[in-house]
Each structure stands twice: as C-alpha cells, then as structure tokens.
There are 4 protein chains.
Amino acid sequence: MTRVGVIGATGYTGLELVRLLLRHPKIKLTALTSERYVGQPIWQVFPSVIKETDLVCQALEVEPLVQACDFLFTALPHKTAMEVVPGFIQRGLKVVDLSADFRLADPKVYEEWYETHTAPTLLQEAVYGIPELHREEIKRATLVANPGCYPTSVILALAPALKNKLINHRTIIADSKSGVSGAGRSAVLSSLFTEVSENFKAYKVTEHRHTPEMEQELSRLAGEKVVITFTPHLVPMKRGILSTIYASLTKPLSENEILDIYRDFYAKEKFVRLHPSDLLPSTADVFGSNYCDLGWKVDKRNNRLILLSAIDNLVKGASGQAVQNMNLMLGLEESLGIEIVPIYP
Amino acid sequence: MTRVGVIGATGYTGLELVRLLLRHPKIKLTALTSERYVGQPIWQVFPSVIKETDLVCQALEVEPLVQACDFLFTALPHKTAMEVVPGFIQRGLKVVDLSADFRLADPKVYEEWYETHTAPTLLQEAVYGIPELHREEIKRATLVANPGCYPTSVILALAPALKNKLINHRTIIADSKSGVSGAGRSAVLSSLFTEVSENFKAYKVTEHRHTPEMEQELSRLAGEKVVITFTPHLVPMKRGILSTIYASLTKPLSENEILDIYRDFYAKEKFVRLHPSDLLPSTADVFGSNYCDLGWKVDKRNNRLILLSAIDNLVKGASGQAVQNMNLMLGLEESLGIEIVPIYP
Amino acid sequence: MTRVGVIGATGYTGLELVRLLLRHPKIKLTALTSERYVGQPIWQVFPSVIKETDLVCQALEVEPLVQACDFLFTALPHKTAMEVVPGFIQRGLKVVDLSADFRLADPKVYEEWYETHTAPTLLQEAVYGIPELHREEIKRATLVANPGCYPTSVILALAPALKNKLINHRTIIADSKSGVSGAGRSAVLSSLFTEVSENFKAYKVTEHRHTPEMEQELSRLAGEKVVITFTPHLVPMKRGILSTIYASLTKPLSENEILDIYRDFYAKEKFVRLHPSDLLPSTADVFGSNYCDLGWKVDKRNNRLILLSAIDNLVKGASGQAVQNMNLMLGLEESLGIEIVPIYP
Amino acid sequence: MTRVGVIGATGYTGLELVRLLLRHPKIKLTALTSERYVGQPIWQVFPSVIKETDLVCQALEVEPLVQACDFLFTALPHKTAMEVVPGFIQRGLKVVDLSADFRLADPKVYEEWYETHTAPTLLQEAVYGIPELHREEIKRATLVANPGCYPTSVILALAPALKNKLINHRTIIADSKSGVSGAGRSAVLSSLFTEVSENFKAYKVTEHRHTPEMEQELSRLAGEKVVITFTPHLVPMKRGILSTIYASLTKPLSENEILDIYRDFYAKEKFVRLHPSDLLPSTADVFGSNYCDLGWKVDKRNNRLILLSAIDNLVKGASGQAVQNMNLMLGLEESLGIEIVPIYP
C-alpha cells in the first residue's frame with residue numbers, strides 16, 4: 001500500500017481527494033495538512049466523514065510528511081504551491097499538484113498571467129496531467145500539474161477536432177459555465193447563497209487565468225499557435241461545468257461523420273463518454289463521477305461546430321483526475337478508486 | 001379606466017400580467033380566462049393573490065370578453081393565438097399577443113419554423129413590440145406581437161452595434177441562458193425540480209424557434225440579411241435570462257468608445273441600463289423588474305466584442321414589456337405599472 | 001415629504017428598506033450610511049439600484065444625519081444600535097430600530113440572552129413594533145423596536161389562540177424554517193452557496209436569541225408567563241420563513257371554529273391573510289410582499305393544534321414591517337409603499 | 001453471483017438501486033422493468049448510466065423475470081406492488097418491496113390509511129426492514145417490506161429513547177422536512193422547479209400515510225400503543241430528510257447521559273452515526289450515503305428532548321436500506337455495495 005498525503009485537505013478539492021482516497025483499494029491515506037485547522041480531526045471540519053477517518057489536520061512541515069508519505073497531492077493556492085512542491089520533489093516524493101503553478105511550460109506566460117515563477121526549472125519536469133492526451137509522460141513523471149477545471153472540459157472537447165483539422169482554430173470561442181465550488185471554500189461575499197442563488201452571470205471576461213493553459217494545450221494539438229476567446233460564467237449550483245464551444249468547420253461535416261472521428265480518438269478511454277446527437281450532455285449526468293461527457297451539433301446554416309462538454313469540476317476537473325494521474329504514476333490500474341456511477345438525481 | 005382582460009391567465013406570463021395590472025393606476029382588470037380552471041377564483045390557483053383579487057377564471061368566449069374589456073392580452077400557446085386574436089381585432093379591441101404567432105412578418109418563415117399560418121393578413125398589421133426600437137409604430141398599432149424572451153435580450157444588446165456597423169454580422173453567436181419559468185407552467189418531466197436543480201445544459205441547439213425572430217430584427221437593424229448561431233441553455237433558477245453574445249469588431253474599439261455609442265442610442269430609454277465595464281450585468285440585478293441591463297468587454301487579442309445582456313424573462317422578456325406596449329397603445333405614460341425596483345437578494 | 005435616512009444601508013435589510021422607500025409616495029430618501037462603503041454610490045454596492053438612486057454611502061455621523069433627516073431607520077447589529085439610537089432620539093428624530101436592542105422591555109432578560117444594556121431607560125419608551133398588536137402605541141412612539149423575523153411569524157400565528165385561551169401555553173413548540181438572508185450579508189463559511197444548497201439543518205437549538213422576544217409577547221397575550229420551545233432551521237432558499245407551531249387545545253375545536261376566531265381577531269388587518277384549511281401557507285406565496293399568511297390543522301387524534309405561518313423575512317419580518325411602523329408613526333396611511341403583490345414564481 | 005432484478009427501474013428509487021447494484025461485488029444485475037420505457041436501454045432514460053450498462057427495460061412479466069433472477073427489488077407504487085409480489089414469492093424468489101404494501105402488519109390499519117389489502121396473508125410473512133431493529137428476522141425473511149423514508153429517520157431517532165423509557169410517548173411530535181425526490185419521478189405541477197425553488201411548505205398535515213408505519217414500530221419499541229403527531233414539509237432540494245422530533249423527558253437528563261444510552265444502543269451499527277452535541281446533523285453530510293446521522297439537545301427550561309435525524313431519502317430512506325436488507329437475506333456482509341462516503345459539497 002502506497003502511503004499518500006493530502007496537503008491542503010480542508011478546501012473542497014482537498015476534501016474530494018479524501019473522499020476518493022478513503023475508498024481507494026491500493027493506497028493508504030496517512031497525512032492531511034491544513035493551516036487553519038491544525039490539531040483538529042478532519043471530521044470536525046467536515047462532518048460528512050464522521051466515522052470514516054480519524055486523521056487529524058497537521059501543519060505543513062516537510063520532515064513529518066516525508067516520513068509519513070510516499071506520494072503527495074498538493075491542493076494549495078497558486079504561489080504557495082511553487083514554494084513547497086520543490087522541497088518534496090527533492091526528497092524523492094512523487095507529487096500531483098492541483099494548483100496552476102506547474103501547468104504552463106513557459107515561465108514567461110506564467111509571469112504574464114500570474115506573477116514571477118520561483119521554481120522555473122521544475123516546469124520542464126512537470127507533465128500536464130490530462131491522461132487522455134499525455135498518458136505515457138504521466139506514467140514516467142515525478143511531478144504532474146493537474147489541469148484546471150475549465151481547461152479539462154474545453155481541451156477534451158476540442159482535441160479530436162483540432163488534431164484532425166476539422167475546425168479553423170482562429171474561430172474558437174469557449175463559453176463555459178461552472179458551479180460555485182469552483183470558487184473554492186473561501187468566505188467571500190460573492191459566493192454567499194444569497195448572492196448566487198437565482199443568479200447567473202459572467203465573470204473575469206477576457207481575463208480568466210485558465211486561458212493560457214487552454215491555449216498551450218490547444219496549440220500543441222493544432223501544431224500552431226492558438227488564441228481563443230474564453231468566457232466563464234457562474235451557475236447557481238454546487239458542482240459541474242458545461243462548456244459550449246464554437247468553431248467554424250474547415251469543410252462541411254455531418255454530426256455522424258464527426259462521431260466517427262471522435263469515436264476513433266477516444267476509443268480506449270474509460271472516462272470520456274460520447275453522446276448521440278439527440279442526447280446532449282448535462283452536468284447532472286456526471287455529478288460525483290470522473291466522466292467527461294461530450295456531444296455536438298453542426299449549425300449548417302453557418303457551417304459552425306458547436307461542442308458541448310460536461311464534467312464534475314471537483315472530480316474530472318480536479319481531484320478525480322488527480323487520482324487518475326496518481327494511478328498512472330504508481331503503475332496502478334488507471335481507474336482505481338474513481339469508477340463512480342454518477343449520482344442522479 | 002381602460003378595462004383590460006388577460007386571456008390565458010393561469011400560465012406564468014398570465015399570472016405576471018395579473019401581478020402587474022393589479023397595481024396599474026390607469027387600468028382596471030376585468031376578465032381572466034383559463035380553460036383549465038373555469039369557475040375557480042384565480043387565488044385558488046395562485047394563493048399569492050389571495051385577498052388581492054376575487055376575479056374568477058372564465059372560458060375563452062368572444063362575446064362576454066368583448067363586453068367586459070377594451071383591451072386584451074393574449075397569453076396563449078402559438079397556433080391557439082392565431083385562432084382567437086383575429087376575432088378580437090375584428091370586434092375593435094386592441095391586443096398585445098404574447099405568443100409567437102404575429103412576430104414574423106413573413107408567413108413563409110413562420111411556416112418554415114412553426115406551421116402554416118392561418119391569419120397571414122394580420123401579420124402586416126402586427127407590430128413587433130420592442131418599444132425601444134419601434135415606439136411610434138406601437139403607439140398606432142391595434143395588434144402588437146410581444147417579443148420572445150431570448151430575442152428581447154439579444155436584440156437590445158446588438159441593436160446599437162449593428163446600427164452603427166461596429167460588428168461583422170456574419171460572426172454573431174448568441175449563447176443564452178434562461179431560468180426554468182421560460183418553459184412555462186406545464187407538468188413535464190424535464191422541468192421537475194429533481195431534473196433541473198444542480199443541473200446545467202443546452203437544449204434545442206441550432207433549432208430554437210426564437211432564431212428567425214432575432215434574425216428578422218437584426219436584419220432590419222443591419223440593413224441586410226443576418227444569419228446567427230443561437231444556443232439556449234437551462235439554468236437552475238426560476239427567472240432570468242443572461243445572453244452572452246460574440247461578434248468580431250469591424251475596427252478596433254475600446255470599451256469606452258462603445259459606451260459612448262450605446263449611451264447615445266439608449267439615451268432616453270428608461271428600461272435599458274448600461275453597466276460600467278467593471279460591473280457586468282447579472283440576472284439577480286433585474287429580478288422582478290422591467291430592466292434590460294447591458295454590459296460588454298472587448299477581447300483585444302481576437303478583436304471580438306462580447307456583449308452581456310440580462311433581463312427577467314417574465315417581465316422585460318414577457319409581461320412587463322407587454323404592459324409597456326399597452327401603455328403606448330393606450331396613450332399612457334410608457335412606464336406606468338412597471339416601474340419596479342428589482343428585488344435583491 | 002418626510003426626509004428619511006437608512007443607517008446601515010448595505011446589509012440586506014438596509015437594501016430592502018431602500019427598495020421600498022424609493023417607491024414610497026410620501027417620503028424622500030435623503031441619507032444612507034455604511035461603514036464599509038463610505039463614499040461609494042449605493043448602486044456600486046448593489047447594481048440592482050443602478051439608475052434608481054445616486055445616493056452615496058456616508059459615515060455614521062450624527063450631525064449631518066440630523067440635518068438631512070426627519071426620520072431614521074437603524075439597521076445595525078445589536079449593541080451598535082443601542083450606542084447610536086439614543087443620540088438620534090435626543091436630537092428629536094423618530095427612529096425605527098431593526099436590531100434586537102430595544103425589543104425586550106426587561107433589561108435583565110436582555111442581559112441574560114445578550115449582554116449588559118447600555119441604554120436601559122430607552123427600553124421603557126420603546127414600543128414593540130407589531131402593528132397588528134400594538135398599533136395605538138406605535139402611533140405615539142418615538143422609538144419603535146422592529147420585531148425579529150422569527151418572532152413576527154410566531155407571534156402573529158399564536159396571538160388569537162392565546163388571547164382566546166384556545167391552547168395550553170405550556171405545550172407550545174415553534175419549529176421555524178428560514179431562508180439564508182436571515183443570516184445577513186456577512187462573508188461567513190456557513191452561508192456559502194456550497195454549504196447551504198442541497199442542505200437542511202437546525203441551528204442554535206434551544207439557544208436562539210429570538211426566544212425571549214417571543215415569550216415576552218406571548219406572555220402579554222396569555223396574561224401569564226409563557227415558556228416555549230423554539231427550534232430554528234436553515235432552508236436552502238434566499239427569503240422566507242415558515243413556522244410550524246404545535247400546542248395542545250384546551251378543548252376540542254374544528255378547523256372552522258378556529259377560522260371564525262381568527263377571522264374576528266384579524267378582521268381589519270390588511271397584511272394578515274387567513275388560508276382555507278385545504279390551502280396551506282407557503283413561503284413562495286408571500287415572496288417580496290408584506291403579507292403574513294396563516295393556516296392551521298387540528299390533529300384530532302392528539303387534540304393538537306398545528307399552526308402554519310409564512311412571511312418574507314426581509315419584508316414583514318424586517319423592512320416592510322419597519323415601513324409599516326414608520327407610516328403609523330408619521331400619521332400616514334399604514335400600507336403606503338408596502339402594498340406589494342407577491343412575486344410568483 | 002446472485003442474479004438480481006429491479007422491477008420499476010425508471011423511478012428515482014429504481015435508478016438508485018441500479019446505481020448501487022452496478023458496483024455491488026457479489027451480485028449481478030440481470031433484469032430491469034419499466035412499463036413506460038419497454039425496449040429502451042436504461043441509459044436512454046438516464047444518461048447518467050451511459051457506458052455503465054446496456055440493460056434494456058423490459059415489461060413486467062413473471063416468467064422471464066423468474067428465469068433471469070434469483071432476487072428481486074420491487075420499486076412500484078403501492079397497490080401495484082401487492083398485485084405482483086405474491087407471484088414472485090410463490091415462484092421461490094426473495095423480494096425486497098419498496099412500496100408501502102407490506103409494511104403494516106395489521107390489514108385493518110392498511111385499509112384505514114390506504115385501501116383493501118389483497119394479499120393479507122403475506123403480511124405475516126413480511127418483515128419490516130430496518131436492519132438496526134430487526135436484523136435476525138430479516139436474515140430469515142423471504143419478503144422484506146422496505147421502510148418509508150420518513151419512518152426510517154423518525155424510528156431510528158426515537159428507538160433508544162423509547163426502548164429506555166426516556167420519554168413520554170404521548171408527547172411525541174415529529175416535524176420532518178424532505179427533499180423533492182421523495183415525491184418520485186412524476187410529471188406533476190407541484191414538483192416543478194418553478195413551484196419548489198425558493199419555496200418551503202408543509203403538506204398532508206395530520207394525514208400523511210407514513211404515520212401508521214411509524215406508530216407501529218414505535219409501539220413495538222415502547223411496549224404500548226403510541227400515537228404521534230407527524231408533519232411533513234417540502235424543502236427546495238433534491239435529496240435528504242431532516243426530522244426534528246420533540247418529546248417530554250420522563251426525568252431530567254443531560255445531553256451526555258443521553259449520548260451514553262444511544263451509544264450503547266447503536267454500538268455495533270455501521271450506518272448510524274452519533275453526533276457530539278455541538279455538531280448537529282444536516283442533510284448535506286449524508287448525501288449519497290447510507291448513513292443515518294443522529295443528534296439531540298435538551299431544552300432544560302421545558303424538560304423536552306429535541307432529536308435531530310438526517311438521512312438521504314433515496315439511500316438509507318429507500319434503495320440503500322433495500323440493498324442492506326438484500327445483503328442480510330442473502331447471507332452477505334451487510335454493508336456490501338453501500339459503503340459510500342457522503343459527497344460534500
């Protein structure tokens with residue numbers, strides 16, 4: 001049994017890691033950290049895990065963690081992540097980092113959207129953790145940068161189309177909608193129930209930091225530099241992302257022709273589900289699971305492709321994909337611990 | 001006091017008309033019809049109006065309605081509307097029709113998206129009821145076709161841009177999100193709380209019947225035929241539409257330059273509110289009111305304009321705008337009965 | 001026109017006062033205070049009032065407020081209220097205070113549930129502001145203590161039964177359920193959308209500070225000391241309180257006999273609505289309005305009365321009732337500015 | 001591998017059985033029936049199970065089901081259940097019935113609250129399926145009547161108190177609150193999102209059919225006839241029941257003394273979790289899981305016990321408990337397939 005720790009266990013992605021790891025058959029959860037709740041059992045913070053675990057939140061100190069764990073998930077804010085991850089890598093631990101700090105290969109791009117990068121050498125080592133695209137590198141990786149939630153939904157939807165040159169990459173618009181857990185577990189006014197319920201709005205339009213991450217991966221797929229328009233929105237729900245993605249087709253294609261191409265591309269993928277064209281994806285159908293559901297329509301009057309992509313932002317968009325990456329890095333069966341049937345309704 | 005009737009009073013737009021008309025200072029609500037609840041006081045159907053009115057639902061029969069009313073709102077399903085509206089017009093009543101039946105000037109377009117039109121001659125008489133665009137014709141109209149909810153949000157957002165040739169009309173994509181009341185008060189599985197809550201999805205992608213209505217008005221504004229891509233989505237909330245609209249700019253423009261143009265266009269409009277660029281519209285800010293809130297961002301990296309438009313689908317998107325039209329048709333102050341401060345939170 | 005100010009305008013009850021007062025025909029809103037947003041127009045804090053008012057949040061300073069206002073609403077946290085209200089009263093202003101500070105006539109009870117009272121002499125002057133019970137005293141009052149939201153719903157439900165000795169007051173249990181706006185506009189973890197949505201729970205069981213306030217008024221009605229059990233719960237919705245109240249009947253009574261007694265008691269009350277026994281109250285039916293809807297059932301097998309009481313906690317449970325009190329204090333028609341038809345759905 | 005069928009698979013409890021059984025390590029799901037969707041794969045009805053199963057809905061015909069299955073869950077409306085269950089029992093199958101038809105031991109009580117019972121002899125054979133109370137009988141049973149959702153939450157909360165004579169059973173009041181999935185998957189107006197969201201109300205007050213079921217079990221526990229007051233309410237959420245239960249203590253007891261008694265009673269129970277008194281149960285903490293979370297407070301001023309009980313109505317309140325019963329009937333480890341960590345948030 002690999003001994004696994006979760007750094008930053010009392011945020012929502014941290015708790016979701018705990019939920020998944022408590023039922024993982026091949027690992028043992030051995031350490032949790034939380035600056036805010038040091039000394040408290042995790043079940044006092046989240047009564048959902050009463051009777052499930054007696055693990056107590058500890059401080060983020062390298063030595064005890066290195067002693068207790070063989071593998072770490074770091075679920076910290078960006079900037080904090082790049083301060084602590086190098087220390088664990090040096091001590092020989094494998095790490096899946098859920099922050100943005102190791103997702104952008106080019107430190108200049110990181111600097112442009114975030115701030116100065118303090119561990120740029122690790123960027124070359126880090127692998128961008130979408131297993132459906134980078135499985136072999138992930139298997140060999142010491143550090144995996146777990147993708148952002150929006151990028152996961154957008155990249156998986158566009159990959160087969162870009163790879164097969166079905167669309168003009170200059171016309172890509174991603175209009176994404178996310179549940180509130182994407183904003184994390186911070187006590188801020190804009191995340192209050194009273195502010196969110198019966199409300200729908202866009203935010204950070206043209207400025208969201210997930211943009212360069214998408215463009216990096218989409219450029220790799222297209223073989224040339226891709227610049228997109230990305231608009232995130234906030235939905236009055238807890239979990240789930242639906243991305244509606246528009247692009248002009250390079251030549252007329254029917255929905256079934258596109259299905260053939262997508263089916264080829266994702267033939268062996270357990271966690272990507274392709275919908276028939278009369279049954280579009282919805283967030284409720286992936287709730288609690290590691291699936292990414294894809295569907296599409298062709299707007300023949302405009303020769304545009306409209307892709308629809310649904311994930312649970314805390315599972316395939318964060319902690320589920322992180323476990324999937326861990327499984328690969330540990331040489332385990334990729335789906336262990338994350339074969340969850342979505343909960344509906 | 002003008003005597004006013006509501007045909008189809010027990011749907012959601014019908015009840016919203018009742019709510020607004022009960023407080024209108026210059027009209028008297030004199031008749032309500034509902035096939036389903038004939039003989040029942042409306043407060044038994046909607047206890048929200050207990051003690052507010054004793055009006056009883058009657059059958060849809062021309063003669064008693066012509067005796068009781070000078071003015072009618074018809075809040076019926078399409079097809080049913082075109083069967084009954086002509087009779088009331090012939091008898092000299094003025095009508096605001098909330099269905100789709102008189103919105104499309106060209107009966108062939110109606111046939112293409114709906115079915116054969118049985119009252120095509122009335123189409124020439126009917127005025128498309130967006131007061132901000134067609135005020136003078138509405139004042140003289142006998143029959144006003146009240147716009148659809150999605151079209152109201154999209155047309156008001158695009159009008160200044162198209163009129164001033166700011167955008168390339170071949171690039172327009174309207175990604176709209178609506179609360180569930182837009183689906184009406186029908187007992188269908190897909191509108192159940194259990195199916196909608198914690199769920200977000202697109203529907204009728206490339207096929208929604210509000211498309212030709214938008215294209216008709218946008219073409220009038222552009223001075224040439226406009227074909228758009230329109231994608232409606234269902235949001236787990238009761239009221240509200242937010243439309244996110246994309247189009248390529250014909251030349252680089254700053255957000256403030258656009259503000260000047262929009263400010264000119266809507267200078268005298270009471271119900272359109274322009275947001276500063278750091279304060280984007282949201283549906284909660286217009287809840288219960290007749291406002292249309294507009295905002296925008298320029299994606300400089302792509303030279304795209306992103307417009308954001310928020311309305312309450314039952315007020316500015318239906319019954320509020322219908323009352324606004326009635327006020328104009330009766331020569332009353334346009335805002336009577338609909339000067340409602342949005343309810344927040 | 002009476003010039004009116006709102007002290008603490010950027011909480012939810014503050015904004016609700018603004019919403020109501022902006023449409024009040026006989027007063028003029030002249031000052032708003034907010035410690036947090038000094039110098040900012042209220043519409044920047046709440047874009048729902050863009051174009052509705054240009055009032056700017058000012059600091060809480062007595063002199064400018066006394067100059068600008070004839071009447072004040074204080075919507076401050078308890079303790080802060082009793083520090084500032086005496087100053088305004090001394091300067092001759094009339095005040096409706098929405099905090100708990102002047103609700104309890106006995107300073108010892110206040111001390112027991114809150115802390116030491118620093119303005120105990122004002123307690124004798126203050127009138128408990130439920131107009132349906134204390135109308136004449138409110139008309140003559142300089143300071144009205146606006147009731148808590150839970151107490152309003154519970155007291156109005158029990159008043160006729162206690163006054164007419166229908167129930168054994170030793171058996172009263174009030175099981176109340178409230179929307180989240182009752183917790184105010186504070187950025188706390190427990191009010192996050194992610195924590196509240198799809199969640200239902202009790203809180204402060206046996207300890208809620210509204211208990212003594214209910215007992216004070218219920219004792220007045222019963223003519224002897226009443227001690228109740230009160231359990232508040234949090235409902236995943238924004239507005240609304242439903243109280244389910246249990247008590248043993250002193251003698252067998254039918255639902256219709258009870259209706260007669262309640263009808264007598266509330267015969268002239270505009271804002272209390274009695275439901276027929278086949279149509280129980282619900283929070284949605286009073287949303288946005290100043291109504292208190294009452295219904296009941298007799299559990300014959302146990303000889304228990306079950307009362308149901310619904311209000312909008314921000315209107316009849318706070319700001320609407322505050323305006324009702326102001327109207328009485330200013331000698332205006334009691335219902336001015338608060339005759340709102342509930343918004344449904 | 002036991003071959004298991006689900007009769008009535010396209011209701012919400014049916015789908016929840018499918019979700020659980022698809023991951024059960026010791027059974028194989030071999031048949032699903034649904035009158036409405038005969039011939040359709042279940043994933044077309046519920047896209048949440050795309051790629052999870054190819055099972056097709058078949059008609060409810062005895063012979064093919066007897067061939068395909070060793071064990072059945074019947075998730076049918078009451079009345080329909082008692083028409084079909086006897087046939088399966090006669091053919092040697094074991095059955096867990098999720099309807100109300102076999103829960104009441106006395107056919108006269110069934111007749112009083114429902115209608116004439118057509119299979120009264122089976123009533124003596126049927127075991128009421130709360131494993132925590134009737135484990136040994138369930139192990140030997142051929143037919144288990146799976147309890148109602150409300151009764152599960154109320155009975156588990158009261159059992160230790162009644163068994164140990166802590167409370168006066170004449171004073172029991174159960175005020176229960178349920179999510180909307182309890183109303184089933186029927187297209188009815190009152191379950192629409194627009195009618196339920198931002199709404200809270202009581203329903204079937206004094207008349208709910210779960211009352212006799214609770215009284216039967218509570219009487220068994222008390223050793224004498226118990227008559228309670230039960231009030232169900234509808235919460236704007238999908239899943240979850242919280243019951244708040246009041247009763248007078250027979251002698252003063254502290255919260256910790258009660259904890260000792262409850263701890264004894266439920267010492268070996270995996271699915272009952274006792275909360276410390278500063279951490280009350282909430283529905284979100286059991287979401288998706290088979291737990292029943294219990295907490296309590298003593299209202300010393302009234303000598304009343306207030307019990308709080310939270311379950312997921314579709315799991316411990318229905319399908320999870322049904323699987324728990326199946327495990328016992330098949331001689332399997334009781335928790336197989338239902339050891340689910342609650343999903344939070």
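Leaving aside neighbours within four places in sequence, which residues is B:Pro160 in contact with? Select B:Ile261, B:Tyr262 and B:Phe265, and you have them. Here, two residues are in contact if their C-beta atoms, placed from the backbone, lie within 7 Å.

A quick word before we go on. This is a predicted model, where local features need pLDDT of at least 70 and side-chain atom pairs count only at pLDDT 80 or more, while totals for chains, interfaces and linings use all residues. Residues are numbered from 1 along each chain as its sequence is written, and chains are lettered from A and ligands numbered from 1 in the order in which they are written.

**Stop 1: around B:Pro160**

Stay on B:Pro160 and colour helix 8 (residues 149–163) of chain B, where this proline is found. Helices are DSSP runs of H or I with at least four residues, strands are runs of E with at least two, and both are numbered from the N terminus. B:Pro160 counts as buried because it has 21 C-beta neighbours inside 10 Å; the cut-off for buried is 20 or more other C-beta atoms within 10 Å of a residue's own.

**Stop 2: two helices in chain A**

Next, show helix 1 (residues 12–21) and helix 12 (residues 315–329) of chain A, which pack at an angle of about 45 degrees with axes 9 Å apart. Axes are lines fitted to C-alpha atoms over the stretch in contact, and angles run from 0 to 180 degrees between N-to-C directions. On the helix 1 side, pick A:Thr13, A:Glu16, A:Leu17 and A:Leu20. Helix 12 of chain A answers with residues including A:Val315, A:Ala318 and A:Val323.

**Stop 3: where chains meet**

Zoom out to chains A and B: 36 residues of chain B are in contact with 36 residues of chain A.

Then go to chains C and D, whose contact takes 36 residues from each of them. On the chain C side, helix 9 (193–196) and strand 13 (292–299) are among the elements giving two or more residues.

**Last stop: D:Leu158**

Finally, select D:Leu158 with D:Leu218, D:Ile245 and D:Leu307, which it touches, not counting residues up to four places away in sequence.

How values were computed. A residue is buried if 20 or more other C-beta atoms lie within 10 Å of its own, exposed if 12 or fewer, and partly exposed in between; C-beta atoms are placed from the backbone.
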